[in-house]
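Biologist: I would like to learn how to read features from a model. Can we take them one at a time?

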Amino acid sequence: MDTQVIVVGAGPAGMMLAGELRLAGVDVVVLEKLARRTGESRGLGFTARTMEVFDQRGLLSRFGDIEVSNQGHFGGLPIDFAILDGAHQAAKTIPQSHTETVLEEWVTSLGGDIRRSHELLSVKDAGDHVEAEVRGPDGVHRLTAPYLVGCDGGRSLVRKEVGFEFPGTASTMEMFLADVKGLDLSPRMIGETLPGGMVMVGPLPGGVTRLIVCERGTPPQRREVPPSYDEVAAAWKRLTGDDISHGEPVWVSSFGNATRQATHYRQGRVLLAGDSAHIHLPAGGQGMNTSIQDAVNLGWKLAAVVRGRMDEEFLDTYHDERHPVGKRLLMNTQAQGLLFLSGAEVQPLRDVFKELIRYEPVSRHLAAMVSGLEIHYGIAAGAHPLLGRRMPHLDLTGTSGPGSSTEALHAGRGVLLDLADNAELRRRAAGWADRVDVVTAAPKSLPDDGALDGTAAVLIRPDGYVAWAAPGSHSDLPMALKRWFGPSR
């Protein structure tokens with residue numbers, strides 16, 4: 001084999017997956033047809049859950065100063081995200097180009113093999129390995145690996161070549177996205193609904209303004225090149241009456257409201273992650289964030305299989321856990337599209353939503369859905385409230401090791417928090433010492449929601465989700481360790 005995993009696509013999902021695999025010591029080759037990063041700032045910022053994920057890997061400081069905000073919306077209806085619990089707020093103005101730069105530098109520092117100007121031509125699952133036909137600077141050649149993951153976007157060649165089903169609905173309208181210099185527009189961070197559609201305005205670093213222009217009744221077009229800025233300015237004038245034709249476009253793109261999801265995220269030795277597995281209206285900036293979290297869920301599992309610690313069927317837990325997350329993503333973006341982009345006929349529904357959002361449980365539910373903090377995997381049975389949910393940040397004392405539960409996850413390994421200095425617990429976990437770090441410490445303080453009150457120990461998966469806790473799990477510790485990390489040694 002030429003490598004252990006081939007990742008197709010060097011966007012945020014592909015880079016995050018490559019980094020996770022390298023943390024686990026897996027050889028990975030990333031194929032990217034573009035010679036260099038585009039520099040385009042499509043996705044802006046991170047949800048609160050993605051901030052937690054990056055913090056778990058010690059990556060946040062690499063992004064520099066991060067502007068955070070609790071201002072959010074659901075379908076253009078304001079929601080105060082401060083209602084949520086968690087260590088982080090959402091980050092609002094980090095261009096995707098910066099995210100890709102940070103992740104690529106991280107992967108490179110870990111020894112990842114990123115091959116630009118390498119275009120995938122075809123994929124074949126040979127049963128015991130995968131063959132990729134690739135056109136690179138030196139011509140066409142074949143690359144082999146036990147597994148291949150398509151992170152190659154909404155038009156994924158991997159998905160088409162392998163025959164993944166991708167049902168859903170086609171776009172019914174075209175919208176514009178543009179970063180422009182030389183404009184002096186009032187921010188409309190959560191958008192403004194107008195008689196003819198919706199516009200959104202957000203400031204970006206460097207005097208750049210992000211515009212989103214959605215004009216109802218604009219049919220989708222099959223474009224070979226991006227739309228011109230003149231088209232964007234004309235649509236803006238029709239909607240707002242203002243002339244922005246003097247602006248200097250940095251880049252311009254268009255998008256639609258197509259909604260599709262692969263029926264399976266794995267077929268044999270080929271898997272999908274990110275936009276190659278799901279496309280949707282980019283409402284609430286959830287697309288890139290969901291893609292990054294797909295990669296974090298898959299990375300440690302694929303590494304465990306490649307390294308022979310788990311059977312191949314273990315990869316099915318990736319589909320089982322992430323497909324429902326993608327399904328809810330499609331549901332909530334469709335709902336937001338109806339609220340945000342429909343005409344006057346939907347105004348009564350908007351008015352009802354406005355009333356409902358005043359109720360704290362409703363506001364909390366919608367904010368948690370958009371931020372990714374609501375995710376709950378069917379990991380284990382038991383009464384402990386954190387089973388299957390993300391581990392909250394917990395500052396620790398009395399340890400010479402990591403100072404928090406978040407820092408304990410930096411290495412991308414499993415973590416057993418021994419919060420009661422239990423020698424018997426540590427003895428039972430000793431057989432997994434090559435995969436799970438045991439941290440004996442006491443919490444400096446407990447979360448206000450009481451989720452960790454009386455908890456003596458917590459087993460955290462590398463992706464930050466709780467696999468076992470005591471008291472409150474039906475299974476004992478060795479069963480949970482074997483379930484998620486393989487047999488003891």
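Modeller: Strand β2 (residues 28–32) pairs with β8 in the parallel sense, over four bridges. Keep in mind that this is a predicted model.

Biologist: Which residue of β8 is the bridge partner of V29?

Modeller: D113 is the bridge partner of V29.

Biologist: How do I read the two faces of a strand?

Modeller: Side chains in a regular strand alternate between the two faces of the sheet. Now take β8. Which residues lie on its covered face, and which on the uncovered one? I114 and R116 make up the covered face. D113 and R115 make up the uncovered face.

Biologist: What follows β8 in the chain?

Modeller: A loop lies between β8 (113–116) and β9 (119–125), and S117 is found in it. Look at the backbone there. Phi of S117 is near 60 degrees, a positive value in a residue other than glycine.

Biologist: Now side chains. How is a pair of aromatic rings described?

Modeller: By the distance of the centres and the angle of the planes.

Biologist: How many aromatic pairs does a search of the whole structure find?

Modeller: Ten. One of them is F46 with F54. The ring centres are 5.0 Å apart and the planes stand at 75 degrees, so this pair is edge-to-face. Both F46 and F54 are buried.

Biologist: Show me another pair.

Modeller: W300 and F314 are also edge-to-face, at 5.8 Å centre to centre and 75 degrees between the planes. W300 lies in helix α6 (residues 287–306), while F314 lies in the loop between α6 and α7 (316–341), so the pair ties together parts that are 14 residues apart in sequence.

Biologist: Why do W300 and F314 count as buried?

Modeller: W300 counts as buried because its relative accessibility is 7%. F314 counts as buried because its relative accessibility is 5%.

Biologist: Which residues form one aromatic cluster with W300 and F314?

Modeller: W484 and F485. The charged end of R483 sits over the ring of W484, 4.3 Å from its centre.

Biologist: Where else does a charge sit over a ring?

Modeller: At F166. The charged end of R159 sits over that ring, 3.6 Å from its centre.

Biologist: Last, the surface. Which residues form a nonpolar patch there?

Modeller: V352, L356 and Y359 form one, with about 290 Å² of accessible area together. V352 has its place in helix α8 (residues 347–357). V352 counts as partly exposed, because its relative accessibility is 42%.

How values were computed
Residues numbered from 1 in each chain as written. Predicted model: local features only at pLDDT ≥ 70, side-chain atom pairs only at ≥ 80, totals over all residues. Heavy atoms only, no water. Patch = residues over 30% accessible without salt bridge, like charges linked within 9 Å, V, L, I, M, F, W, Y side chains within 5 Å. Areas by Shrake-Rupley, 256 points an atom, 1.4 Å probe, with all protein chains shown as cover. Salt bridge = Lys/Arg side-chain N within 4 Å of Asp/Glu carboxyl O. Helix = DSSP H or I, 4+ residues; strand = E, 2+ residues; numbered from the N terminus. Buried < 20%, exposed > 50% of the residue type's maximum accessible area, 1.4 Å probe, protein only. Pairing = 2+ DSSP bridges. Phe/Tyr/Trp six-rings, centres within 6.5 Å; stacked < 30°, edge-to-face > 60°. Lys NZ or Arg CZ within 6 Å of the ring centre and 35° of its normal.
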